[in-house]
Amino acid sequence: MSTPAYQQMVFVNLPVNDLDASKTFFTELGYSINPQFTNEDAASVVISDTIAVMLLTKPFYATFTKKEIADATKTSQVMIALSAESREKVDELVDRALAAGGSPANETQDHGFMYGRSFDDLDGHTWEVVWMDPSGIQS
């Protein structure tokens with residue numbers, strides 16, 4: 001019997017203004033909150049088995065850095081990209097984000113074999129949602 005391969009996890013830490021509003025936003029997108037890593041200062045949003053988004057109140061986030069916390073509604077430092085299994089799933093997720101209070105971030109990108117849309121969450125963090133057809137990629 002072999003040992004399963006180690007799967008590296010990704011934890012994206014984001015400062016938020018209103019933890020409860022952000023938790024509601026992400027649950028409206030269809031994600032769950034992991035109560036084991038959630039309290040009054042932080043919430044763990046389960047994106048997949050290997051990806052979690054840690055929503056941190058700004059005072060709590062500040063305990064992890066000596067840098068000034070950027071205002072994501074005014075500056076961009078990172079864009080978080082998520083894959084989707086189809087064009088329809090791209091639209092479904094982005095449409096749910098917009099209905100939950102997010103805002104459009106960039107123009108829709110349609111290159112035939114690749115399709116993507118983006119939104120800004122309640123705190124201005126930009127999320128890209130992309131579908132790519134591997135059979136359409138030229139080697």
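Residues are numbered from 1 along each chain as its sequence is written, and side-chain values use heavy atoms, with hydrogens and water left out. Because the model is predicted, local features need pLDDT of at least 70 and side-chain atom pairs count only at pLDDT 80 or more, whereas totals for chains, interfaces and linings use all residues.

The structure contains seven salt bridges. A salt bridge is a side-chain nitrogen of Lys or Arg within 4 Å of a carboxyl oxygen of Asp or Glu. One of them joins Asp 20 to Lys 23, with 3.8 Å between the closest N and O atoms. Both residues belong to helix α1 (residues 19–28), where they are three residues apart, about one turn of the helix. Helices (H or I, at least four residues) and strands (E, at least two) are DSSP runs, numbered from the N terminus. Asp 20 is exposed, at 52% relative accessible area, while Lys 23 is partly exposed, at 22%. In these terms, buried means under 20% relative accessible area, exposed over 50%, and partly exposed in between (1.4 Å probe, protein chains only).

Arg 87 and Asp 110 meet through their side chains at 2.8 Å, N to O. Arg 87 lies in helix α3 (residues 87–99) and Asp 110 in strand β7 (residues 109–110), so this pair ties together parts that are 23 residues apart in sequence. Arg 87 is partly exposed at 27% relative accessibility, and Asp 110 is partly exposed at 44%.

A further salt bridge links Arg 117 with Asp 91, at 3.0 Å from N to O. Since Arg 117 is in strand β8 (residues 114–120) and Asp 91 in helix α3, the pair ties together parts 26 residues apart in sequence. Arg 117 counts as buried, at 15%, whereas Asp 91 is partly exposed, at 23%.

The text now turns to the nonpolar core. Such a core is a set of buried Ala, Val, Leu, Ile, Met, Phe, Trp, Tyr and Cys residues joined through side-chain atoms within 4.5 Å. The largest one has 26 residues, and those touching the most other members are Phe 26, Leu 29, Tyr 31, Val 53, Leu 55, Phe 119 and Trp 127. Elements that each supply at least two residues of this core include β1 (10–16), α1 and β8. The largest share, four residues, comes from α3. Phe 26 is in contact (heavy atoms within 4.5 Å) with Tyr 31, Val 45, Leu 55, Asp 121 and Trp 127, not counting residues up to four places away in sequence.
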